[in-house]
Amino acid sequence: MAKSKSNKNKVSYISVPSQIINSLSASSLQSLLTSPKKSCSRSKARYLSLLTKYRSPSFWVFFLFLFGILGMLKLGFNLNTLIPYSPYPCATSQFHALVSSNGYLKSHMSIASNENGQKAEVFDSLSHSLPLILKEKEEEPKSEPNSDKAISDFWKQPDGLGYRPCLDFTRDYQKASVVTVKDRTKYLMVVVAGGLNQQRNQIVDAVVIARILGAALVVPILQVNVIWGDESEFSDIFDMEHFKKVLANDVRIVSSLPSTHIMTRPVEEKRTPLHVSPSWIRSRYLKRIKREGVLLLRGLDSRLSKDLPSDLQKLRCKVAFHALRFAPPILGIGNKLAERMRSKGPYLALHLRMEKDVWVRTGCLPGLSHEYDEIVNSERIQRPELLTARSKMTYHERKLAGLCPLNAVEVTRLLKALGAPKDARIYWAGGEPLGGREALLPLTREFSHFYNKEDLALPGELEPFAKRASVMAAIDYIVSENSDVFMPSHGGNMGHALQVY
């Protein structure tokens, strides 16, 4: 019980059981005894202390830093909003625009097949495989091979993956160009060999090598083809004046050596290794061309690296797709044939590699008959130099490895599997196949609208270009470039070049 001891000092006492006293901590008892007035003053002091800290600039810097870290962690666990960061400097489209309605990644020259709707391998225009995981979705009714939907899907154009021309050179490149085009002391001569598209690739690399060396380029010499015997010169196939004009700010192009260097014996190099770098070219050739004034290179096929600095890679594209324009007569007849194919709707260009020399060079057999197989084997024995790499592989090993061209039967199966309509108009590019038109019967039976340049040309139109295989190949190139769908029966330079269009 509370009991008062004095009236002056009114001190009260409370009797509490010992069990409760033991359960209370010292801090709890202290808080009970502390007056409310003192507690209030302490709270106010604490508030003022915190307010002072909040006004400090260092506190806000720390707060913003912490906020930034948390934001980065959040984005790090949710990257869908940032995909894709394109590795290509000129790609502009977003990821959702790159994926078609059926879940496949769109590509210029892609072929994709997916039966179970789970995973597909999609091959892009740079020939790299990119696995694409597809979400499960409800089964859609499959369209018949020749239905309107299947036909429209076959002719549907790709979106180009957002690529666009990107030829903006750096300031350093432009400054160096002023010195390069004014140089009159160094000249590069090149001899290019092979078919038309091999020659194109070597001419492209010749321009880039001239740029690396800071030399003028003499118009390339086209070596007579050992197979077709074509004696065409550069100006017979390409527009020389256009070639010079487009590259005027990059490399000086001259038709021939000047009088100051005409008697100079050029330094000749025949054994350039494969895929050399710009630094290798400078270290190997720069002193020699400065000393002698003229450098002659042969056999440039695949000699220059594909992995070049950005400016040199842009120059390579500029040469291939801007400077190397076909001569006006070839361009004229090629466009005429393309218009005739286009006059009745979309068309497919099929690059058939079924010529005799192709079967000999690849080490494969045409599959027509025993007689034709013996012709190919006999030619290969007589001219073993024509056989390309992997000479120790048998025909069956090559076939299983996918190194052989498709014959007419196999091309027909592939077209049907891709959904090509039976009334599709097909332009076939290439030389006369081994076995003649009979070798094409499997194709013509399934697809009756089957044409080549001889079928489309009017009487006498192709006569100026007769027996000039490179010119005929250029006409095929133009018609194929203007097609809606292009398909080669065997990998090659023409197929790689047309992937860009």
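Student: Which residues of α13 meet which residues of α20?
Tutor: From α13 they are Ile-330, Leu-331, Ile-333, Gly-334, Asn-335, Leu-337 and Ala-338, and they meet Val-471, Ala-474, Ile-475, Ile-478 and Val-479 in α20. Contact means heavy atoms within 4.5 Å. This is a predicted model, where local features need pLDDT of at least 70 and side-chain atom pairs count only at pLDDT 80 or more, while totals for chains, interfaces and linings use all residues. Residues are numbered from 1 along each chain as its sequence is written, and side-chain values use heavy atoms, with hydrogens and water left out.

Student: And what counts as a helix?
Tutor: A DSSP run of H or I with at least four residues; a strand is a run of E with at least two, and both are numbered from the N terminus.

Student: At what angle do α13 and α20 pack?
Tutor: About 45 degrees, with their axes 8 Å apart. Axes are lines fitted to C-alpha atoms, for helices over the stretch in contact, and angles run from 0 to 180 degrees between N-to-C directions. That angle makes α13 oblique to α20. Under 35 degrees is roughly parallel, over 145 roughly antiparallel, 65 to 115 roughly perpendicular, and the rest oblique.

Student: What about α8 and α20, at what angle do they cross?
Tutor: At roughly 85 degrees, and the axes come within 9 Å. The two helices are therefore roughly perpendicular. Leu-196, Asn-197, Gln-199 and Arg-200 of α8 touch Ser-470, Ala-473, Ala-474 and Tyr-477 of α20. By class, four of these residues are nonpolar, three polar and one charged.

Student: Where do the axes of α8 and α11 come, and at what angle do they cross?
Tutor: They come within 9 Å and cross at roughly 65 degrees, which makes α8 roughly perpendicular to α11. The α8 side of the contact is Ile-209, Ile-212 and Leu-213, and the α11 side is Pro-278, Ile-281, Arg-282, Tyr-285, Leu-286 and Ile-289. Eight of these are nonpolar, none polar and one charged.

Student: Changing topic: in the largest nonpolar core, which residues touch the most other members?
Tutor: Leu-217, Phe-243 and Phe-326, out of 68 residues. Helix α8 gives the largest share of this core, 10 residues. A nonpolar core is a set of buried Ala, Val, Leu, Ile, Met, Phe, Trp, Tyr and Cys residues joined through side-chain atoms within 4.5 Å.

Student: What does Phe-326 touch?
Tutor: Not counting residues up to four places away in sequence, Phe-326 touches Leu-196, Arg-200, Ile-237, Phe-238, Asp-239, Leu-331, Ala-474, Tyr-477 and Ile-478.

Student: Is Asn-249 buried or exposed?
Tutor: Exposed, with a relative accessible area of 59%. Buried means under 20%, exposed over 50% and partly exposed in between (1.4 Å probe, protein chains only). Asn-249 sits in the loop between α10 (240–246) and β6 (253–254). Leaving aside neighbours within four places in sequence, Asn-249 contacts Ser-177, Val-181 and Arg-211.

Student: And Lys-182, where does that lie?
Tutor: In helix α7 (residues 171–182). Lys-182 counts as exposed, at 61% relative accessibility.

Methods. Nonpolar A, V, L, I, M, F, W, Y, C, P; charged D, E, K, R; others polar.
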